[in-house]
Amino acid sequence: MEKPSLFLFFPLLLFSILSGRQQCVRGWTGNSHLPTGRSVSVFKPNKLFVFGDSYVDTGNDNKSLVNSWSVPFGITFPGKPSGRFSDGRVSTDFIAKYLKIKTPVPYRWRKLFISRLKYGMNFAYGGTGVFKTLIAEPNMTIQIDYLQQLLNESVYTKRKLRSSMALVSLAGNDYSTYIQQNGSPEGWPSFIQSVVDQLAVNMRRIHNMGVRKVAVNTLEPLGCLPRSTTQNSFRLCNTTENNFVDLHSVYLQQAIEKLNTEANSIDNRFITLDLHSAFWTVFNNETVHQGESTFENPYEPCCIGISSQYSCGSVDGNGVKKYTLCADRKSRFFWDAVHPTQEGWYAIFSTPAMQKSLEQF
């Protein structure tokens, strides 16, 4: 295994995963191309509980730890930084729209938006994983503890949770931490298994708390993120990293099948959101905008630091920005070194793979 090449991919994941932004993208309003029916299941969740990292975080992270609270994040939506790791909306927003509910309030702001609690809550913190990572924010176990605390305080009841579903995101921060802590190449298979095993423990726990259905995203092709492709002008993916992703996918599928067997329900209580296939559809330049143009170079980000020591949103001591911003955000799939733009997320949710996943809801 080519250990040096792995370092090209993982170094920035924790911090860049926390970015997000939004704007009125094509299809977000009335003529959305997202599925509107639930033909496979009659279950219609009215609350969404979110756990995980920056692919789903909508504002929990401490402002002093991440760049998602800095300009130009949020430039598309809501017009200023909101803690999303993008220029606008992120995965959580699209899932909530599909469920026809408002985006659940971040746990950090729950006391300020009490009227939004009826739609669920977002416990996700950018940069975190199932284990302890390089950022000092609550991992997934602690995030689930927060929901348990709210149950103990009767903010929610187990009965009310039966009409809810959970969105669980694991986008690779555990793996970046393994690299940073000099994990051996030989140890990768066992470490990937341990990550998936803990993920399964977390999903089972969420379900046992009363949540009717639990959805987890498959892992995106980590070797194709801009921070991995920057060395070749954003043209070629890192095959070694993507091989690890494939192994993660095998273990995850096995875990989901086991969880559903244990649940012994007529409908699957544990489902996957096929983020992996959706990303590849975009990377392969297939039409996902219902006949509209695809991204010219899907690997090239919109916002990037002027050198390797800077990232999107960086400024020097005098407040001078140390990043460049593309002229047309809608033309880019990636916002920064790790996260999609709002237009990128729209493309993801427009793919056949993701639409099929949503029908399981």
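Modeller: Asn264 has its place in the loop between helix 9 and strand 6 (270-273), where helices (H or I, at least four residues) and strands (E, at least two) are DSSP runs, numbered from the N terminus. This is a predicted model, in which local features need pLDDT of at least 70 and side-chain atom pairs count only at pLDDT 80 or more, while totals for chains, interfaces and linings use all residues. Residues are numbered from 1 along each chain as its sequence is written, and side-chain values use heavy atoms, with hydrogens and water left out.

Biologist: Why does Asn264 count as exposed?

Modeller: A residue is called buried under 20% relative accessible area, exposed over 50%, and partly exposed in between, with a 1.4 Å probe and the protein chains only. The relative accessibility of Asn264 is 68%, which is over 50%, and therefore the word is exposed. Asn264 also has a positive phi of about 50°, although it is not a glycine.

Biologist: Where does Asn182 lie, and what makes it exposed?

Modeller: Asn182 lies in the loop between helix 6 (173-180) and helix 7, and just after helix 6 it takes a positive phi of about 60°. The relative accessible area of Asn182 is 55%, so by the cut-off it is exposed.

Biologist: What makes helix 6 itself largely enclosed by the rest of the structure?

Modeller: Seven of the eight residues of helix 6 are buried, and therefore the helix is described as largely enclosed. The buried residues are Asn173, Asp174, Tyr175, Ser176, Thr177, Tyr178 and Ile179.

Biologist: How many residues of helix 11 are buried, and what covers them?

Modeller: Nine of the nine residues of helix 11 are buried, so this helix too is largely enclosed by the rest of the structure. They run from Gln342 to Ser350, with Trp345 and Phe349 among them, and their cover includes helix 3 (91-99), helix 10 (275-283) and helix 12 (352-358).

Biologist: Trp345 and Phe349 are also named in the lining of the largest cavity. Why is a space called a cavity rather than a pocket?

Modeller: Both are sets of points on a 1 Å grid over the protein atoms alone: in a cavity a 1.4 Å probe fits but cannot get out, whereas a pocket is an open set with protein on both sides within 12 Å along at least five of seven lines, and lining residues have an atom within 4 Å of a point. The structure holds two cavities of 30 Å³ or more, and the largest has a volume of about 70 Å³, a volume being the space filled by probe spheres set on the points, which are joined across faces, edges and corners. Strand 4 (164-168) and helix 11 (342-350) are the elements that give two or more residues to the lining of this cavity.

Biologist: How do you know which class each lining residue belongs to?

Modeller: Ala, Val, Leu, Ile, Met, Phe, Trp, Tyr, Cys and Pro count as nonpolar, Asp, Glu, Lys and Arg as charged, and the others, Gly among them, as polar. On that basis the lining of the largest cavity has nine nonpolar, three polar and no charged residues.

Biologist: What lines the second largest pocket?

Modeller: Its lining has 14 residues, of which Thr58, Arg84, Pro106, Trp109 and Phe113 lie nearest the centre. The lining divides into nine nonpolar, three polar and two charged residues, and the pocket holds about 300 Å³ of space.

Biologist: What makes Tyr107 buried?

Modeller: The relative accessible area of Tyr107 is 9%, which is under 20%, and therefore it counts as buried. Tyr107 lies in the loop between strand 2 (105-106) and strand 3 (120-122). Leaving aside neighbours within four places in sequence, its contacts (heavy atoms within 4.5 Å) include Asn60, Phe123, Tyr146 and Leu150. Tyr107 and Tyr146 are 39 residues apart in sequence and 8.4 Å apart in space, C-alpha to C-alpha.

Biologist: At what angle do the axes of helix 7 and helix 9 cross, and which hand has the crossing?

Modeller: The axes of helix 7 (residues 188-208) and helix 9 (residues 239-263) come within 9 Å and cross at roughly 35°; axes are lines fitted to C-alpha atoms, for helices over the stretch in contact, and angles run from 0 to 180 degrees between N-to-C directions. A crossing is left-handed if the near helix is turned anticlockwise from the far one by less than a right angle, and right-handed if clockwise, and this crossing is right-handed. By class, the contact has 14 nonpolar, two polar and two charged residues.
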